Amino acid sequence: MTSESQFRIFARFFKKVNMINTQYTTVKLSQFKFNLPKELIADKPCKVRDEARLLVLHRDTGEIEHRQFKNFIEYIDTDDVVVLNNTKVFPALLYGVKEKTEAKIQVTLLRELNPETRLWDVIVDPARKIRIGNKLYFGANEDMVAEVIDNTTSRGRTIRFLFDGTHEEFISKIRSMGNTPLPFDITAQRNAVGDDKENYQTIYAKNEGAVAAPVAGLHFSRELMKRMEIKDVKVAELTLHCGLGNFKDIEVEDLSKHRMDSEQMFLEEKCADTINNAKAAGHKICCVGTTTMKALETAVTIPGVIRPFEGWSNKFIYPPYRFTIADMMVTNFHFPESSMFIMVSAFAGSDLLMSTYLTAIKEKYKFGTYGDAMLIV
């Protein structure tokens, strides 16, 4: 038998094995469905960030503790590393009108495609009557104008702002008229209020570019961060600009067929070194939020170390999945069948997390963006 014939036989064999494994490990969206009472969806944050409730789940025993978030410090030791996503929410929500009809529109800026030509990917609501060539006017005096140039992108629309100043002047203008793009779980219950501009931002936010906040980090207060510093807990920061894709409904039953929107991320050498050195020394790594976890698992190499990374990530994590970096995770309580709930299920174990969520519902923990927190150890 020739080597080529042997190769073909092995190829057919492994193809059959992979087909069997794929069928055996197919994970369905419906496995992550549960009944969430609407009254448990938070419409406003806790008055004091670190006084939100904290459910602590021990993966090895299944034990559950009911604490406050300020008790987080008790579960982290000297020289352990807490990894934070320092992205900053951009005031990406613009209100305007369509030319001629003066129909009211809402535009969410998603991604700047070209700074020189002021080209942006956006979502327009309502979108059904927006056509290529339409002019859109923004601001109290309608002094900011944009033109629709693409009506067919999978993300929504592409528009070009007609602005003659510098890029810095343009961004400053957008900031002055833009609003905080609050997620649906808040806006469905109430209108935005002035405090949301501060509340919907972590205290360590630095690098502007997100249209959604990394909400697990909203629970950290300056006092808690100071206590971590005194305890010599290390902090490593990365940036992943959270997009609206985290809130999109998953429309396929087979999770292997779901595709996440790409999000821009930056993980510098300092962050990688802090994590790798702590891991090598046997210290714990605590990941704050699903976006931070996504970034770490995007930047990890086969030997299990973090490498510096600058680029885009569309990583979708679902069970079964082997995490290589984080030993602990801080997260909020997420909605049924959401990509965030599915990722956390992979980290905690699907059955254990589902039973824990049922306990959280019974104990009336708050869910969603401004909801309570969970620590998985």
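Asp 79 is partly exposed at 28% relative accessibility, a class that lies between buried (under 20% relative accessible area) and exposed (over 50%), as computed with a 1.4 Å probe on protein chains only. Asp 79 forms a salt bridge with Lys 234, with 2.6 Å between the closest N and O atoms, where a salt bridge is a side-chain nitrogen of Lys or Arg within 4 Å of a carboxyl oxygen of Asp or Glu. The model is predicted, so that local features need pLDDT of at least 70 and side-chain atom pairs count only at pLDDT 80 or more, while totals for chains, interfaces and linings use all residues. Residues are numbered from 1 along each chain as its sequence is written, and side-chain values use heavy atoms, with hydrogens and water left out.

**Salt bridges**

- By the salt-bridge rule, the count comes to 15; in general, side chains of opposite charge can pair when their charged atoms come close.
- Lys 234, the partner of Asp 79, is partly exposed at 37% relative accessibility.
- Lys 226 and Glu 229 meet through their side chains in a salt bridge of 3.7 Å, N to O, and these two residues are three apart in helix H5 (residues 222-230), which means that about one helical turn separates them.
- Lys 226 is partly exposed, with a relative accessible area of 45%.

- Asp 50, in the loop between helix H1 (3-24) and strand E1 (53-57), is buried yet has no salt bridge, and the nearest side chain of opposite charge, Arg 227, is 5.4 Å away; Lys and Arg count as positive and Asp and Glu as negative, whereas His and the chain ends are not counted.
- Leaving aside residues up to four places away in sequence, Asp 50 touches Gln 68, Phe 69, Lys 70, His 219, Ser 221 and Leu 224, contact being heavy atoms within 4.5 Å.

**An enclosed helix**

- Helix H7 (residues 290-299) has 10 of its 10 residues buried, and is therefore largely enclosed by the rest of the structure.
- Among the buried residues of H7 are Lys 294 and Glu 297.

Terms used. Helix = DSSP H or I, 4+ residues; strand = E, 2+ residues; numbered from the N terminus.
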